[in-house]
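Subject: Structure handover

Hello,

Here is the structure for you to take over.

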Amino acid sequence: MTRAITRRIIQEQQRLLAVPPAVTDRHYLKLLQVWQWENSQTIDSVLDQAVAYGFTGLLVKALDGPYWMGQIDPSSEALGSVADVAIHTRKARERGLYYFCWTNPRQFEIAQQTSLTAGCANASDGVFLDIEPYSQFWGPWAQIGLAALFMAQLTEKTNSFIALQPDPRVNALASLRISEWIPKADAISGQHYWSDFNSDPTEQLVHALALGNLYSMPSLPTLPGNAPYESFPTNAISAFPGFAVWRLGSTPSRTLSMLGSLPVAGLVSDKLRPRTHA
């Protein structure tokens, strides 16, 4: 092979490498949910795990009401400011991953909560609101209009992606006054924990699909990572636009490998940043 031909081959390879990967507006959300940081976990080690298992992003707890997780979780990795969220998000994006925050809204300090939540959303890919009808969460039967006020204030402060992550059982949704949350949300990610509810996994996913259809929004079911390995209806899971797995630390490696390897249908949202794929 002559030097001229070799040089042309090298130049063509360099040209191809210089072409940016195709941009897509379809988002394949397979999110690994993080609560409290355990042992020697760091954002880098958890991102490495997400990549290794095949997940496309993290869903990390930022707030409990108006309190940062850094005030609750002693780990140095616990989020304690919007600046911390931005650092985590940058590291995730460097690996081609999504980074979302999740919060537990409470019925007090609404203005402060929505400001902090909006800050998290603006510094990341968006937020998931873990709303449950129990005293340590949002609680049942809040004053009429309170949830609508929360969502109105939040969406005045951010145009980022907002998903609801409620207890999806019928009575729970009723006591949350779910109709007040839905109009300004972009997706529903119900906690379909068949292993906790002693229910059939397929029935739970049928319910997840029905909720998405009822509310005319994508359904991204939150799956119980501690459920028996054989209980996951993989074909049904792959039919969804995406999913979250609760949670890192309680989900066996075998289950993480299986779930991370599943294809999903993907969703289109103008609230999410276009992603590049080689």
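Predicted model: local features only at pLDDT ≥ 70, side-chain atom pairs only at ≥ 80, totals over all residues.

Residues are numbered from 1 along each chain as its sequence is written, and side-chain values use heavy atoms, with hydrogens and water left out.

S124 sits in the loop between helix 4 (110–122) and strand 7 (126–129); helices (H or I, at least four residues) and strands (E, at least two) are DSSP runs, numbered from the N terminus. S124 is buried, at 7% relative accessible area (buried means under 20%, with a 1.4 Å probe and protein chains only). Its side chain reaches the backbone oxygen of C120 at 2.7 Å and that of G126 at 3.2 Å.

In helix 2 (residues 43–53), the buried residues are I43, V46, L47, A50 and Y53. Seen down the helix axis, they fall within an arc of 135 degrees (taken from the directions from the axis to the C-beta atoms), so they line one face of helix 2. G54 follows helix 2 and has a positive phi, near 100 degrees.

Strand 4 and strand 6 each supply at least two residues to the lining of the largest pocket. Helix 9 (residues 201–215) gives the most to the lining of the second largest pocket, with six residues.

Regards

Note on methods:
Buried < 20%, exposed > 50% of the residue type's maximum accessible area, 1.4 Å probe, protein only. Polar contact = N/O pair within 3.5 Å; in protein donor to acceptor, adjacent residues only side chain to side chain.
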